[in-house]
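Visitor: I am new to this structure. Please take me through it by question and answer.

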Amino acid sequence: MVYLAPPHLASAARPSYGEAYSNILARHRRSPLTSASSVILLVAPDVDALCAARMLAELLSQDDVMHRIIPVSGIAELEAMKDELATYNELHTLILINMGAILDLPSPTWFGEFSTKLTVHVIDSNRPQNLGSLFGGGDIGDRIVIWDDGEAENMEEERKAWEALEAGIQYIRRSPHFDKSPQYEPEPDSDEDSFSSSEDEMPFDSQDDVSESSRKRKLPIDSAHSRAKRQKVNERHPSPNQMSRDQRLHYQSVVDKHYTRGSWYSQSASATIFILATVLERADRDLLWLAILGLTYQYTSSRISRDTYEKFHSVYHDEVIRLNPLPPSTKTTADAITALSPDDHSIRATEEFRFTLFRHWTLYDAMFHSSYVAGKLGIWKERGRKRLTGLLAKMGFSIPQTQQPYTHMDLDLKHQLRVKLDAIAPEYGLVELTYPSFIRCFGYRAPPLSAADAVEAISALLDVAGGVRIEVEVEGARHGGEWFGSGRVWKTGRPDVNDSAKVPPGENGGAHGDGGEDGLVAEERTEVPWWMKNFWAAYDALTDIVSLRDALSLSMSLHRAIIRQGTTIIDKQDIRTMRSHRVVVLSQGPDLALFAHPGVLSRLAYWLIDALRDKLPGTKFTHGKKSLPFILACLNESTSTYIVVGVMGALEFGDVRKNEFGLAFINAKDRCNARSSHNSFNTSVLEVDREDLKMFLEALCEVGEGY
Amino acid sequence: MALPPPLRTSVTPQELELIASEQLVEILPLITMEKTAFISGAYGPLRPPAKCRIPLWMAVNLKVKKKCHIIPPDWLNVEFLQERLSRETSYPEFSQMPFRFAEIAKAILDVAPDDIQNADKVRSLLKDLREARQAKSREGLAKLDHSELSLPNSCSMEINELRPFFIHAMGVLTQLSREGEDRAAAQP
């Protein structure tokens, strides 16, 4: 149950992050069976979770706590993992990072039946959270600890509603008339997986099918706490039979509203861990840098709005100044930052442009590949490209200059870039070109790297470090440079991995992929899935600047592929407009294998939204404000399925909307019985069988109207 | 190490570093600890902000976990090393340096460069010292004969470097000189 209030709301009676952490330590030291599997971190595969895991691992190893980090890719994986974890009897702490907020953890299908000494901590930035996990008490409920960021304080109404409904159900279940009173069946915990399809577990509510699952749930009858609560609630509402139908409906609607508003993101997991570190007075530069990366990731992947970003940014800015005292003469303009000494690993605050990776590309390329500029100037047409060159010319950059990699550009041009952009860009409609961010020096080993670039590199590694063949440009290869030919195939640079010639047949060759094992041994050893390899590659790159910089070129190819695909889509006018949303189906193209990954597909979706923001009118999807709902489906030839991604774009740049596709997908799936599965923690990503796609899309249209 | 592998049958530098880590070094602890018994002795208590002397291995361990600040020994600073370097380059003998200075300096610079003033200058001075002393070792080897070789004031790493070659060479020289004596004795 317990949700942990953040430290600024904590008091003696209300434990907060620090106490939870010291409990973990105390348990670890006290238990006689302590081993490396006593504390396990389950980590979702996104940049924020990666940073949070790294920070937490650092804190734990400084306290000499042995722990294990296990990446988990989706809900199905989490279930399998849960079954395995039930067999570890030295496990006493489980920490879920960026997963599990929506799941009903106290229930028997999750952790309700685990031993009493297990505590589950949930550090998740996904919202909405499950009310049962937040407010449920009792024996089991008290062992589920959700690290909240203060929003749960404002959920009094939901809490009341949930408790009332919960008491109603428990009362009803004890009454002999249970089977005969169908009108009381709807369950309060509307996240219970109530689908009969065995493939997947949906954490969302369905209004129809309820009775089986309510019967399935175990009552903590013996717990005095819940009995007391029931009695207490019964005093408030004399008995649920007498709870008026109106009241019950009202509570039900409150709870439903909580779950059906759509999904959004709140305080990043890395921010939570950073607050923990500050409470423990162990915040230092490395932890701060990772927290900054988590925040920047949330902003650049359109998960939080500009305002939220600025709020957290100012907190980090103060921390930066506190931890990195600089001699007053150092300059902090973005182009003038250099390391002061070989041991200089400090973080500085700068203004960052919205051009992706602009310090590593030519200026023209950076502007070309940024979705904001692309949208405003209409890059996909030749006319748009001329406008871009025109803009650059007006600012005083000659064409050869803009085709130089940034590092070779003239110094005075670099200095003037910001000023000129501010002056001239508004004419073209480009207004919000900069945002405040941070940059870190790495001594003399590498030039300073900005937070946004680091996030780009790491998410590229997470998405495509292995498992797909992608070509990377070699510097100097353009315009017939020294190296003729376009580039080399990306390989995760680890010299000890034996790239033996024996690639198991049928595997995706290329990259370092799955072919690292000897052919004979591969049959005995279970192949590490590609996403796990990516996870560890990205995890290592978090602190290794050399591999991080290598990954930048990977990121650049990824962007190029996205642009290629995006421009084709817009050119061919492949976007079908349905009544309440827009659909794009990708079934052919050179990069099809690349876009079969949900991460890359979502990026394409956001690029399209940014590009077309001004050209398209907003629509209301189900309820709520006007937005730009987009659905992208990409064919995965090897598995004969379509990966479907739904994103909700906001009408203004820098704003975000709650993503309502999770619920819509489930409803549509229900209606048409398409064979499909959810493979990741993001409920707006779905995998649909090839033949069922059309049916599914049609059902989705009906869903849009039905609300 | 500049010696080819066949001659490298001696203690490795990492082992030397381990041996050197037994030496006591002063720290500024950030945590509290009672007087605790370890295998090599009892150390502590640690009471911030009072300084304490503990073995280098323990100091390094605490520093990695950010639980202390290491106070560099009095010879590990720019002035001292500068002075020794100028002495090294002006006299033909080795100058007096703490016996295990190379290992201790490396250990401290690896984990605690922020506790040392001008860490990069210190690194470059140490490098210069090593090169100067290495040149002297080479000259000294040229004077090798079968009975003795004395290199006063050389330090543990340098001795370790020379040892395999030295032993082998001494052996050969002794053989040669014995043959020479035998031949001289055989001729009446």
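The questions below go through strands, helices and loops in turn.

Guide: This is a predicted model, in which local features need pLDDT of at least 70, side-chain atom pairs count only at pLDDT 80 or more, and totals for chains, interfaces and linings use all residues. Residues are numbered from 1 along each chain as its sequence is written, chains are lettered from A and ligands numbered from 1 in the order in which they are written, and side-chain values use heavy atoms, with hydrogens and water left out.

Visitor: What is the strand order in the open sheet of six strands in chain A?
Guide: Helices (H or I, at least four residues) and strands (E, at least two) are DSSP runs, numbered from the N terminus. Two strands pair if DSSP finds at least two bridges between them. The pairing in this open sheet is mixed, and the order is S14-S15-S16-S17-S19-S18.

Visitor: Which strands stand at the edges of that sheet?
Guide: An edge strand here has a single partner strand, so one side of it is left without a neighbour in the sheet. The two edge strands of chain A are S14 (576-577) and S18 (676-677).

Visitor: Which residue is the bridge partner of A:Val583 in S16(A)?
Guide: Strands S15 (residues 582-586) and S16 (residues 628-636) of chain A pair in the parallel sense over five bridges. In S16(A), the partner of A:Val583 is A:Ile631.

Visitor: What angle does the direction of helix H24 of chain A make with that of S17(A)?
Guide: Contact means heavy atoms within 4.5 Å. Axes are lines fitted to C-alpha atoms, for helices over the stretch in contact, and angles run from 0 to 180 degrees between N-to-C directions. Helix H23 (residues 598-612) of chain A packs on the sheet, and its direction makes about 40 degrees with that of S17(A). Helix H24 (residues 661-672) of chain A also packs on the sheet, touching S16, S17, S18 and S19, and its angle with S17(A) is about 140 degrees.

Visitor: How many residues of strand S11 of chain A are buried?
Guide: Buried means under 20% relative accessible area, exposed over 50%, and partly exposed in between (1.4 Å probe, protein chains only). S11(A) covers residues 446-450 and is joined to S10(A) by three bridges, the two running antiparallel. Of the five residues in S11(A), the number buried is four.

Visitor: How far apart are the end C-alpha atoms of helix H21 of chain A?
Guide: The expected span of a helix is 1.5 Å times one less than its number of residues. For the 27 residues of H21(A), 545-571, that gives 39 Å. The end C-alpha atoms agree with this, being apart by 39 Å.

Visitor: Which residues does a cis peptide bond join in chain B?
Guide: Most peptide bonds are trans. In chain B, the loop between strand S3 (41-43) and strand S4 (52-55) holds B:Pro49. With omega about -5 degrees, the cis bond joins B:Pro48 and B:Pro49.

Visitor: Is A:Glu281 buried or exposed?
Guide: A:Glu281 lies in the loop between helix H10 (269-279) and helix H11 (285-300) of chain A. Its phi is positive, about 60 degrees, although A:Glu281 is not a glycine. With a relative accessible area of 71%, A:Glu281 is exposed.
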